[in-house]
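Trainee: Please go through this model with me. I would like to begin with a term that I keep meeting.

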Amino acid sequence: MKWQGRRKSQNVEDRRGQSGPGGGGGINPFLIGPLLKILFSKTGLIIVGVVIVFSVVTGTNPLNFLGGLMNGGGQGFTTETNYAPSAEENELAEFSATILGDTEIIWNQLLQDYREPTLVLFTGSVSSACGNASAATGPFYCPGDEKLYIDLSFFEDMERKLNAPGDFAQAYVIAHEVGHHIQKLMGITDEVHNLRGQVSEKEYNQYSVKLELQADFLAGVWAHHSQRISGMMESGDLEEALNAANAIGDDRLQKQASGRVVPDSFTHGTSAQRMRWFKKGFETGDLRQGDTFSASEL
Ligand SMILES: [Zn+2]
């Protein structure tokens, strides 16, 4: 990709070198007494009600949410003094900010009143509105705070462990997570999450697959317009993305996840389906072609 020297996104929160809150978001034991008092008061019941409604709507664990509140909303970070990123890692950070910047250019053109998401770079572990996550979770999007979370070591893992090398493969990952953000803005994420518990698990998993494939499609739509407007792609780049679509499903990314942090599903489409929907988005660039929910064949 010819990505160097382009505009970088300003919506990047660099939390590298900070460790997330200790104890995995648990409630501070010293606060249990006062917390119980509050819980059994009238206001407490209202707060609990609001938290439960919020949790159902956003698909987060209410205990994580409460834990986050007790930890000061996840602000309790400590900075590791011995953190020094390598030159390669800093280049990956520049790259990610550039790709995010390009998705802003494209989606601002395609959608009215596009609300830009924030990219959080972290190392090790991170706290999000969807709970705490470790690097093993892989990149994820949290609809609760409209942020994308990436530990850049994932890109090295893609190359070394998942056999999906190439900068465009990395761009595809970012564009896929931005795709989940588009789904959130369009109300699709909420629609699907609201079905949880209303339909059988099997049926729900099928909806999750459609959500994933649509995020792939949206990544393809970005790539189509990005190529038209920014022209960053070089020969071999499309193949890199298709190879990555084949090699990395959210299932693989999330398999080693600790806890249920990622709001979308552990189920996914087949590699062939993932490649097909990315390609469809890339070839058409037409948002109307991406209705994976009413498609007769995925
Ligand atoms: Zn996904």
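Mentor: The term is the salt bridge: a side-chain nitrogen of Lys or Arg within 4 Å of a carboxyl oxygen of Asp or Glu. Side chains of opposite charge can pair when their charged atoms come close. Please keep in mind that this is a predicted model, in which local features need pLDDT of at least 70 and side-chain atom pairs count only at pLDDT 80 or more, while totals for chains, interfaces and linings use all residues. Residues are numbered from 1 along each chain as its sequence is written, and side-chain values use heavy atoms, with hydrogens and water left out.

Trainee: How many salt bridges does the count come to by this rule?

Mentor: The count comes to 13. In one of them, the side chains of Lys 184 and Glu 146 meet with N to O at 3.1 Å. This pair links distant parts of the chain, since Lys 184 is in helix H6 and Glu 146 is in the loop between S7 and S8, 38 residues apart. Helices (H or I, at least four residues) and strands (E, at least two) are DSSP runs, numbered from the N terminus.

Trainee: Is Glu 146 buried or exposed?

Mentor: Glu 146 counts as buried because its relative accessible area is 13%. Buried means under 20% relative accessible area, exposed over 50%, and partly exposed in between (1.4 Å probe, protein chains only).

Trainee: Which residue does the side chain of Glu 89 meet in a salt bridge?

Mentor: Its partner is Arg 16, at 3.2 Å from N to O. Glu 89 is in helix H4 and Arg 16 is in the loop between strand S1 (12-15) and strand S2 (18-19), so that distant parts of the chain, 73 residues apart, are linked. Both residues are buried.

Trainee: What about Arg 288 and Asp 286: how far apart are their closest N and O atoms?

Mentor: They are 3.1 Å apart, and the two residues form a salt bridge. Arg 288 counts as exposed because its relative accessibility is 72%, whereas Asp 286 is buried, with a relative accessible area of 18%. Elsewhere, salt bridges that share partners join Glu 13, Arg 15 and Lys 147 into one network.

Trainee: Changing topic, how many helices and strands does the chain have?

Mentor: There are 11 helices and 8 strands. The chain has 298 residues, of which 48% count as buried. It exposes about 14100 Å², with carbon and sulfur atoms supplying 53% of that; the areas come from the Shrake-Rupley method with a 1.4 Å probe, and for residues only the protein chains shown count as cover.

Trainee: Which residues have the most contacts inside the largest nonpolar core?

Mentor: They are Trp 107, Phe 155, Met 158, Phe 168, Trp 222 and Phe 278, in a core of 52 residues. H6 gives the largest share of this core, 9 residues. A nonpolar core is a set of buried Ala, Val, Leu, Ile, Met, Phe, Trp, Tyr and Cys residues joined through side-chain atoms within 4.5 Å.

Trainee: And what does Trp 222 touch?

Mentor: Not counting residues up to four places away in sequence, Trp 222 touches Ile 99, Asp 102, Thr 103, Ile 106, Trp 107, Phe 168, Ala 171 and Ala 175. Contact means heavy atoms within 4.5 Å.

Trainee: Which cysteine does the disulfide join to Cys 130?

Mentor: It joins Cys 130 to Cys 142, with S to S at 2.0 Å; a disulfide here is a pair of cysteine sulfur atoms within 2.5 Å. Cys 130 lies in the loop between strand S5 (125-128) and strand S6 (131-134) and Cys 142 in strand S7 (residues 140-142), so the pair ties together parts that are 12 residues apart in sequence. The link is right-handed, with 90° about the S-S bond. Cys 130 is buried at 2% relative accessible area, and Cys 142 is buried at 0%.

Trainee: Finally, what is the mean pLDDT of the chain?

Mentor: The mean is 82, and 72% of the residues reach 70 or more. pLDDT is the predictor's confidence in each residue, from 0 to 100. It stays under 50 over residues 22-29, for which the model has 9 contacts beyond four places in sequence. It also stays under 50 over residues 255-266, for which the model has 33 such contacts.
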